[in-house]
Amino acid sequence: MSRPINLAAVRAFVERELVDFGAEPGTISDEARLEELDIDSLGVVELTASIKHEYAVDVPLEVLTKNLTVAEVVDLIRTAA
C-alpha cells in the first residue's frame, strides 16, 4: 500500500530537485516551464530518476521532455503515486 501523497511535500520535492539541477530558486513558480528554468536534458533524466527513487513512480522520460510546467510535474507525481 502506498503512502498518502502530500501536495505541499511533492511541490517542495520538485522545487528542491529543480534547484539541484540548476534552476534559480526565485524563478520557480507553478507556471514556470522546465525549459524556462534552464533544466537541460540531463536534468530531466535526473529528475525522472529522483521521482522514481522518492515516490516509486515511473515517469516516462518522453513525458518530462514535453516542457511541462512545475505544476504539471507536481500533478503528474501526485496522480501516479
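## Notes on the helices and loops of this model

1. Asn 67 lies in the loop between α3 and α4. Helices here are DSSP runs (H or I, at least four residues; strands are E, at least two), numbered from the N terminus. Asn 67 has a positive phi of about 55°, although it is not a glycine. With a relative accessible area of 22%, Asn 67 is partly exposed. The classes are buried, under 20% relative accessible area; exposed, over 50%; and partly exposed in between, with a 1.4 Å probe and protein chains only.

2. A word on the ground rules before going on. This is a predicted model, in which local features need pLDDT of at least 70 and side-chain atom pairs count only at pLDDT 80 or more, while totals for chains, interfaces and linings use all residues. Residues are numbered from 1 along each chain as its sequence is written, and side-chain values use heavy atoms, with hydrogens and water left out.

3. On confidence, the protein averages a pLDDT of 90, and 95% of the residues score at least 70. pLDDT is the predictor's confidence in each residue, from 0 to 100. Confidence is highest in helix α1 (residues 7-20), at 95, and lowest in α3, at a mean of 88. Where pLDDT is low, the predicted coordinates should not be read in detail.

4. Thr 69 counts as buried because its relative accessibility is 10%. Setting aside residues up to four places away in sequence, Thr 69 touches Asp 30, Glu 31, Ala 32 and Arg 33; contact means heavy atoms within 4.5 Å. Glu 36 is 33 residues from Thr 69 in sequence, and their C-alpha atoms are 9.2 Å apart in space.

5. At the start of α1, a side-chain oxygen of Asn 6 comes within 2.8 Å of the backbone nitrogen of Ala 8. This is a polar contact: a pair of N or O atoms within 3.5 Å, where, within protein, one must be able to donate a hydrogen and the other to accept it, and residues adjacent in sequence count only if both atoms are side-chain atoms. After α1 comes Gly 22, with a positive phi near 115°.

6. Which residues of α1 are buried? They are Val 10, Phe 13, Val 14, Glu 17 and Leu 18. Seen down the axis of α1, these buried residues fall within an arc of 130°, so they line one face of the helix; the arc is that of the directions from the helix axis to the C-beta atoms. Turned away from that side are the exposed residues Ala 8 and Asp 20. The buried residues of α1 pack against α2 and α4.

7. The buried residues of α2 include Gly 43, Val 44, Leu 47 and Ile 51. Viewed down the axis of α2, its buried residues lie within an arc of 165°, so they line one face of the helix. They pack against α1, α3 and α4, while the face turned away carries the exposed residues Ser 41, Leu 42 and His 53.

8. The two ends of α2 deserve a glance. At its start, a side-chain oxygen of Asp 40 reaches to within 3.3 Å of the backbone nitrogen of Leu 42. Leu 42 has a relative accessible area of 52% and is exposed. Just after α2, Ala 56 takes a positive phi of about 55°, although Ala 56 is not a glycine. At 71% relative accessibility, Ala 56 counts as exposed.

9. Finally, the core. In the largest nonpolar core, of 23 residues, Val 14, Leu 18, Ile 51 and Val 73 touch the most other members. Such a core is a set of buried Ala, Val, Leu, Ile, Met, Phe, Trp, Tyr and Cys residues joined through side-chain atoms within 4.5 Å. At least two residues of this core come from each of α1, α2 and α4. Beyond its neighbours within four places in sequence, Leu 18 is in contact with Ala 23, Ile 28, Leu 34, Leu 37, Ile 39, Leu 47 and Val 70.
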